[in-house]
Amino acid sequence: MLKVSKLADYGVMIVLKFAQNPERLYSATELISMTGLNLPTVRKIVKLLSISGILLARRGADGGYALAKHIGFISVLDVVESIDGQLAFTECCAQSFKSCSVGNCQMGSYWHAINKKVRATLSEFAIEDLIKKPYNDKEIMQHG
């Protein structure tokens, strides 16, 4: 089964919390209270989101975390890849992939095309869109 990691799911949830009040600075303690996650998990997620440029970390007594860019320019793909790394359905779709162990692989080009479409779809979902209009199952099926 292909799935997004729990940590990436939590990362999207945290970014959605930030998006509800995008100008605000949040402490790790506030994020714990808002999400129900534990401190080590929140720290790991905000660190990864900061490294990728989605969040800004401010130190000091008045410190905390804030969005680094407008929520219209942050996609679900950005958040997922900040946490999990590059989305790759198979090993041959990863950037670090060098050569296939199967001598006459006939699936590589298909997996690349599928991987490209999934990445494009996830990149179409901006955090701003998710905040403004929650999707239902019927809309999701019509989205693509």
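Reader: Is Leu 25 buried, partly exposed or exposed?
Author: This is a predicted model, and every value here is computed from it. Leu 25 sits in the loop between α1 and α2. Its relative accessibility is 24%. Buried means under 20% and exposed means over 50%, so Leu 25 counts as partly exposed.

Reader: Which residues does Leu 25 touch, leaving aside those up to four places away in sequence?
Author: Take the C-alpha atoms of Leu 25 and Gly 63. They are 38 residues apart along the chain, yet separated by 7.6 Å. Gly 63 is also on the contact list of Leu 25.

Reader: Is Ala 66 buried or exposed?
Author: Ala 66 lies in strand β2, residues 64-67. Its relative accessible area is 4%. The cut-off for buried is under 20%, so Ala 66 is buried.

Reader: What separates the C-alpha atoms of Ala 66 and Leu 56?
Author: Leu 56 is among the residues that Ala 66 touches, along with Phe 18, Arg 24, Leu 25, Ile 54, Leu 55 and Arg 58. Ala 66 and Leu 56 are 10 residues apart along the chain. Their C-alpha atoms are separated by 5.2 Å.

Reader: How are the rings of Phe 18 and Tyr 26 arranged?
Author: The structure holds 1 aromatic pair. The ring centres of Phe 18 and Tyr 26 are 4.9 Å apart, and the planes stand at 75°. Planes over 60 degrees apart count as edge-to-face, so the pair of Phe 18 and Tyr 26 is edge-to-face.

Reader: What is the relative accessibility of Tyr 26, and what is that of Phe 18?
Author: Tyr 26 counts as buried, at 4% relative accessibility. Phe 18 also counts as buried, and its relative accessibility is 1%.

Reader: How does helix α2 lie against helix α3?
Author: Helix α2 covers residues 28-35 and helix α3 residues 39-51. They pack at an angle of about 115°, with their axes 10 Å apart. That makes α2 and α3 roughly perpendicular.

Reader: Which residues of α3 meet α2?
Author: The crossing of the two helices, α2 and α3, is right-handed. From α2, the residues in contact are Ala 28, Leu 31, Ile 32 and Thr 35. Their partners in α3 are Leu 39, Val 42 and Val 46.

Reader: Which residues of α3 meet α1?
Author: Helix α1, residues 6-20, packs on α3 at an angle of about 75°, with the axes 10 Å apart. That makes α1 roughly perpendicular to α3. From α1 come Leu 7, Tyr 10, Gly 11, Ile 14 and Val 15. In α3 they meet Thr 41, Lys 44, Ile 45 and Leu 49.

Reader: Which residue follows α4, and what is its phi?
Author: Helix α4 runs over residues 76-84. Its buried residues are Val 76, Leu 77, Val 79, Val 80, Ser 82 and Ile 83. After α4 comes Gly 85, with a positive phi near 90°.

Reader: In what order do the elements of the chain run?
Author: The secondary structure comes to 7 helices and 2 strands. From the N terminus on, the order is α-α-α-β-β-α-α-α-α.

Reader: How much of the chain is buried?
Author: The chain exposes about 9500 Å², with 53% of it supplied by carbon and sulfur atoms. The chain has 144 residues, and the buried share of them is 28%.

Key
Residues are numbered from 1 along each chain as its sequence is written. This is a predicted model: local features need pLDDT of at least 70, side-chain atom pairs count only at pLDDT 80 or more; totals for chains, interfaces and linings use all residues. Side-chain values use heavy atoms; hydrogens and water are left out. Rings of Phe, Tyr and Trp (its six-membered ring) pair if their centres lie within 6.5 Å; planes under 30 degrees apart count as stacked, over 60 as edge-to-face and the rest as tilted. Buried means under 20% relative accessible area, exposed over 50%, partly exposed in between (1.4 Å probe, protein chains only). Helices (H or I, at least four residues) and strands (E, at least two) are DSSP runs, numbered from the N terminus. Accessible areas come from the Shrake-Rupley method with a 1.4 Å probe; for residues, only the protein chains shown count as cover. Axes are lines fitted to C-alpha atoms, for helices over the stretch in contact, and angles run from 0 to 180 degrees between N-to-C directions. Angles under 35 degrees count as roughly parallel, over 145 as roughly antiparallel, 65 to 115 as roughly perpendicular and the rest as oblique. A crossing is left-handed if the near helix is turned anticlockwise from the far one by less than a right angle, and right-handed if clockwise. Contact means heavy atoms within 4.5 Å.
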